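Please open the structure in your viewer and keep the selection panel handy. We will go from one stop to the next.

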Amino acid sequence: MSLTPQDIQRLAQLSRLQFEPEAADRLLGQLNGFFDIVEQMRAVDTTGVVPMAHPVDAMHGLSQAVADTNEHGITLRLREDVVSEANQREANQRSAPAVERGLFLVPKVIE
Amino acid sequence: MADLHHMTVAELSAGLKKKDFSAAEVATRFLARMGGNPHHAFLDIHSEVTLAQALASDEKIANGTAGPLEGVPIAHKDIFVTKDFVTTAGSKMLKDYRSPFDATVVTKLREAGMVNLGKLNCDEFAMGSANENSAYGAVTNPWDTTRIPGGSSGGSAAAVAARLTPAATGTDTGGSIRQPAAFCGITGIKPTYGRASRYGMVAFASSLDQAGPMARSAEDCAMLLSAMCGPDLDRDSTSLIVANEDFSRLLAVPAGDKPLATAGKEGGALKIGVPREWLGSGSQIAFESNAPARRSEGTDKEIQRRMEETLTLYQSLGADIVHVSLPQAHLCIPVYYIVCAAEASSNLSRFDGVKFGHRAKNFTDLADMYEKTRSEGFGDEVKRRIMIGSYVLSHGYYDAYYLQAQKIRRMIADDFQTAFAQCDVIAGPVAPTTAWQLGDKAADPLANYLADIFTLPASLAGLPCMSIPVGLDDIGMPVGMQLIGNYLQEASLLNVAHRFQQVTAFHHAKPEGV
């Protein structure tokens with residue numbers, strides 16, 4: 001199965017990217033080259049294998065290393081949902097492209 | 001007394017404590033060496049910030065409040081955010097960006113007393129194996145300036161090799177500490193995933209990204225790692241709840257008839273496992289890349305020879321070499337590039353031209369602003385990975401690609417546990433070749449991906465792993481050997497490397513003219 005020029009357009013839209021026609025052509029070839037290699041992976045029988053989203057999940061016998069082990073396996077820790085940082089609006093907005101009265105400016109979205 | 005810039009972290013630290021020289025003298029020496037930015041290793045330098053930190057260190061040394069690494073310089077990969085230096089992540093997207101805070105790793109190393117020399121060049125968002133994806137230009141290899149230094153922590157490796165800094169931070173997502181360390185003849189370690197905080201590390205692939213030190217010896221790496229790691233529970237949800245360790249503690253294990261024996265499991269010699277899949281057909285311990293046949297160039301003969309010589313030397317030190325198997329390891333390239341692309345496409349969605357970073361000048365509406373901003377700000381490799389990520393996460397393809405990759409990731413991690421039932425550490429090549437010529441693979445992204453064949457499996461599993469110099473090839477370029485340990489076994493891993501470095505001089509070798 002190969003990607004088509006239409007796929008590139010659809011993925012570019014999903015990715016919020018734009019490509020000139022020549023760059024899109026080149027990208028199509030490169031992505032199809034990559035997905036050729038992916039084919040060998042698709043053929044592997046993974047029946048019954050639990051997906052591994054992060055390595056903490058594989059650290060068997062290291063339960064002290066993580067917060068929570070339940071019937072779904074190891075879940076990642078979340079901190080308490082409380083305010084822990086002082087207001088740093090000015091520092092945080094210093095690198096913003098456009099700010100006015102402490103608000104981030106974007107192009108008009110509602111007429 | 002040796003020249004300051006030839007001293008290791010351990011030597012500098014000892015000399016500073018004895019007041020043989022001051023932190024200001026040390027900083028001044030390295031700043032002078034950095035003048036003219038050799039090898040294009042640095043992206044931001046502020047000598048006044050560096051000198052102020054050095055003077056503060058001298059004061060702490062004088063009044064007896066010095067940290068463990070007080071006054072020793074370090075430079076940071078430009079993927080760690082810093083208040084006092086610009087942070088670009090090698091991207092036009094973050095040109096001139098100033099973070100309002102320091103990364104945890106940067107803070108911890110400063111608290112340990114280290115003086116910041118500046119920010120080091122790297123592949124854009126740490127995506128690359130040659131450092132040619134930096135928006136600010138490539139880094140050259142100090143051993144041969146027509147060659148790449150490796151990537152993505154290429155500036156870090158080149159700066160340490162050229163003695164522009166005694167140590168550097170790096171990050172390793174799929175080999176980005178180990179491979180440039182190998183290509184530049186230095187030592188680098190990626191700890192167990194979750195040991196070092198990811199807070200303030202510009203995110204590429206969150207389930208893989210891990211910080212680690214790059215320096216000239218295992219001894220130095222152990223000192224640096226002890227200062228860098230530790231729980232950061234409120235700021236990184238994958239930070240491990242394990243007390244930090246003194247990673248140097250096993251370095252001094254006394255040498256007997258079998259000096260390596262003490263590093264292994266109780267009551268026997270150290271067992272070094274060599275994956276069968278990384279072996280060549282001919283020799284007893286020869287290596288061959290298991291990359292897909294279509295593109296496989298195999299592993300360079302010179303690298304195979306250095307591996308054989310190194311393992312033979314380990315045997316003479318009392319280690320046993322055993323064969324182990326990593327049957328799914330050859331699938332690491334598609335699995336890794338699907339997982340990291342998926343995570344990258346999600347992580348990089350934050351670059352929208354609104355809150356920080358680049359914003360396009362000309363656009364028609366909000367959507368067009370997003371698209372123009374991102375198209376102008378990101379380089380080709382970053383765009384490729386975002387596109388792959390969008391594809392493998394999209395409706396109808398998720399199960400076949402992303403979920404399947406996560407399942408094989410589990411199989412690869414399980415294979416390592418089976419292997420570690422038979423050995424204490426796993427040894428293998430870092431890369432199928434030594435550093436290639438600048439531009440050689442620049443137009444061929446797939447060729448870059450395939451060169452990661454030996455570093456990706458340990459990354460996917462989240463295991464601690466390192467690269468140590470084991471000699472040069474026939475054209476004088478450094479060869480690295482990879483050592484992989486089981487989870488949280490960094491201290492043993494560093495012992496194994498340190499033992500080797502005590503009886504060899506490969507890690508002392510330096511590029512001509514340095």
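**Stop one: the domains of chain B**

Select chain B and colour it by its domain assignment, which gives domain 1 (4-228), domain 2 (261-329 + 420-508) and domain 3 (333-401); such bounds come from an automatic or database domain assignment. This is a predicted model, where local features need pLDDT of at least 70, side-chain atom pairs count only at pLDDT 80 or more, and totals for chains, interfaces and linings use all residues. Residues are numbered from 1 along each chain as its sequence is written, while chains are lettered from A and ligands numbered from 1 in the order in which they are written.

Now show domain 1 and domain 2 of chain B, whose C-alpha centres lie 24 Å apart. Their contact takes 40 residues from domain 1 and 37 residues from domain 2, with two residues in contact if their C-beta atoms, placed from the backbone, lie within 7 Å. On the domain 1 side, select α6 (178-183), β5 (187-190) and α7 (218-228) of chain B, the elements that give two or more residues to it. Helices (H or I, at least four residues) and strands (E, at least two) are DSSP runs, numbered from the N terminus.

**Stop two: chain A**

Switch to chain A, which has three helices and four strands in the order α-α-β-β-α-β-β.

Next, zoom in on A53(A), in the loop between α2 (21-42) and β1 (68-70) of chain A. Is A53(A) buried or partly exposed? A53(A) counts as partly exposed because it has 19 C-beta neighbours inside 10 Å; buried takes 20 or more, exposed 12 or fewer, and partly exposed lies in between, with C-beta atoms placed from the backbone. Finally, show S207(B) and Q406(B): leaving aside neighbours within four places in sequence, A53(A) is in contact with these two.
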